[in-house]
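Please go through the briefing below with the sequence and the model side by side. The points are grouped by topic.

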Amino acid sequence: MTALSVPAFWVEDNSDPYPSYDRLRAEGALLPHLLDDVPVTLVTRYDECAAVLTGADWGHGYSAGISPFRDTVAAIPGSFVRMDPPEHGRLRGLVNKAFTPRTVSEMVPLAQSVVDELVDAAMETGELDVLNGLAVPLAVAMIPGRLLGAPVSDGPLFRSWQLAIARGSDPDHLLSASDIETRGLAAREALGYFHQLIEQKRANPTDDLLSELIAVEESGDQLSSQEILGLCVLLLVAGMETSINLIGNGMLALLRNPAQLALLRARPELMASAIDEMLRYDAPTQFTIRVALTDTVVGDRQFRRGDGVVVLTASASRDDLVFDNAAELDITRYYGKHPARRHLGFSLGLHYCVGAPLARIEAEAAFRTLLDRAPDLTLATETVEYQPSLIHRGILSLPVRLS
Ligand code: HEM
């Protein structure tokens with residue numbers, strides 16, 4: 001693996017953060033840390049992470065003006081991922097409508113046809129970059145393409161904005177001046193692009209979530225144009241970055257664990273369990289933040305209103321107090337009986353990922369099709385390079401041989 005030059009943080013080597021997480025959990029469940037000169041607590045173990053994520057005393061605290069964290073999404077008005085009730089529930093409720101089991105199941109044939117077309121073309125050459133040749137175009141077709149009704153030919157634009165904004169989600173003191181400038185530029189360009197798209201949909205509604213949101217706005221006062229704009233950017237970034245990385249990280253985990261890959265081929269009914277296990281074992285989102293909204297207690301620690309914590313969900317998902325053989329990829333772990341606790345790959349509580357069902361259908365179509373079509377799938381590289389990000393864990397490319 002290639003190590004990247006990220007300044008020291010709580011992770012020594014972001015190409016493999018897991019030894020750092022093991023060390024942190026051994027040190028304690030709640031560890032003091034300085035983040036950008038702000039004293040915070042790192043929450044390293046499963047039970048304490050789950051307590052914070054599901055606790056009513058915890059939230060983001062921006063609207064109450066008590067957050068010690070800089071709000072990276074303040075400029076994006078509909079971005080409810082960093083909001084507290086009641087604003088959070090209002091916006092989430094509207095977006096949730098797009099993710100009913102029925103609407104999501106209607107997206108399965110589209111995911112399958114996009115994957116079929118991409119894998120068919122790759123079979124002719126015998127080679128595929130699973131990241132850029134499959135996961136990225138699939139996410140473009142499903143999120144800006146299907147949900148927002150944008151032209152998929154603008155895929156390179158979406159990918160570049162999404163990467164720049166995702167890179168900019170790490171704390172600012174870990175970013176270069178150019179990262180910060182690129183993030184700002186990408187956010188402005190994306191907002192400008194979606195502003196135009198919204199005007200087009202207002203004139204000519206189509207069958208997508210964006211047109212539905214515009215209809216909600218026009219029917220009353222529940223949603224402002226600024227909020228619709230923010231929702232577009234939120235869905236673009238929250239949806240693309242993560243679902244691409246689930247396919248990349250998950251496929252790499254299978255290729256590096258050939259017995260598990262063989263087991264999945266032999267027992268395709270394990271697919272749903274395998275996807276959960278990939279989210280536990282090597283999660284696309286490594287941590288989140290929370291702020292104590294009132295004085296409260298977690299474990300043996302007293303927190304004051306306004307105290308910030310970094311919830312290391314990817315560390316919690318490897319906690320051996322909760323998961324047997326936590327460091328091993330075991331695709332049967334979640335099959336049928338649910339012996340293990342839920343992983344924290346999609347978080348827990350109020351902010352539990354809205355797009356989880358969509359992420360699952362994308363991943364399932366990609367893995368099932370590759371396994372069916374390419375019986376001799378092998379990794380075509382010795383080294384894998386990771387994005388220079390701590391919050392998002394994703395590889396830059398994943399070349400494989402299909403035959
Ligand atoms: C494997 C893919 C995905 C992963 C690992 C993932 C992960 C997460 C996590 C960890 C959170 C919660 C953050 C927190 O608690 O602070 C979250 C929230 C969210 N995700 Fe996902 N996500 C994925 C796919 C998607 C997709 C496909 C979409 C939409 C197209 C999406 C939209 C959202 C939104 C809107 C939120 C905010 C929810 C809220 O604050 O109530 N995600 N996601």
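**Briefing on the predicted model**

Ala238 is found in helix α10 (residues 225–256); helices are DSSP runs of H or I with at least four residues, strands are runs of E with at least two, and both are numbered from the N terminus. This is a predicted model, in which local features need pLDDT of at least 70 and side-chain atom pairs count only at pLDDT 80 or more, while totals for chains, interfaces and linings use all residues. Residues are numbered from 1 along each chain as its sequence is written, and side-chain values use heavy atoms, with hydrogens and water left out.

**Ala238**

- Ala238 has a relative accessible area of 43% and is therefore partly exposed; buried means under 20%, exposed over 50%, and partly exposed in between, with a 1.4 Å probe and protein chains only.
- Ala238 and Ala283 are 45 residues apart along the chain, and their C-alpha atoms are separated by 14 Å.

**Iron site and cysteines**

- Cys353 is the only protein donor of the iron atom of the ligand, through SG at 2.3 Å. Donors are N, O and S atoms within 2.8 Å of the metal (3.2 Å for Na, K and Ca), and sites may look incomplete because water is not among the atoms.
- Cys353 sits in the loop between α13 (313–316) and α14 (356–373), and its relative accessible area of 27% makes it partly exposed.
- Cys232 is buried, at 1% relative accessibility.
- The count of disulfides is 0, where a disulfide is a pair of cysteine sulfur atoms within 2.5 Å.

**Packing of α5 and α6**

- Two packed helices are described by the angle between their axes and the distance between the axes.
- For helix α5 (residues 108–125) and helix α6 (residues 130–147), the axes come within 10 Å and cross at roughly 145°. Axes are lines fitted to C-alpha atoms, for helices over the stretch in contact, and angles run from 0 to 180 degrees between N-to-C directions.
- The contact (heavy atoms within 4.5 Å) involves Leu110, Ala111, Val114, Val115, Leu118 and Val119 on the α5 side. On the α6 side it involves Gly133, Leu134, Pro137, Leu138, Ala141, Met142 and Arg146.
- By class, 11 residues of this α5–α6 contact are nonpolar, 1 is polar and 1 is charged. Ala, Val, Leu, Ile, Met, Phe, Trp, Tyr, Cys and Pro count as nonpolar, Asp, Glu, Lys and Arg as charged, and the others, Gly among them, as polar.

**Backbone points in loops**

- The peptide bond from Pro85 to Pro86 is cis, with omega near 5°. Pro86 lies in the loop between β3 (58–59) and α3 (87–96).
- Asn325 has a positive phi, near 45°, and is a residue other than glycine. Asn325 is in the loop between α13 and α14 and is exposed, at 60% relative accessible area.
- Ser347, also a residue other than glycine, has a positive phi near 70°. Ser347 is in the loop between α13 and α14 and is buried, at 13% relative accessible area.

**Gly28**

- Gly28 is in the loop between α1 (18–27) and β1 (30–35), and counts as buried at 17% relative accessibility.
- Gly28 and Thr44 are 16 residues apart in sequence, and 7.2 Å separates them in space, C-alpha to C-alpha.
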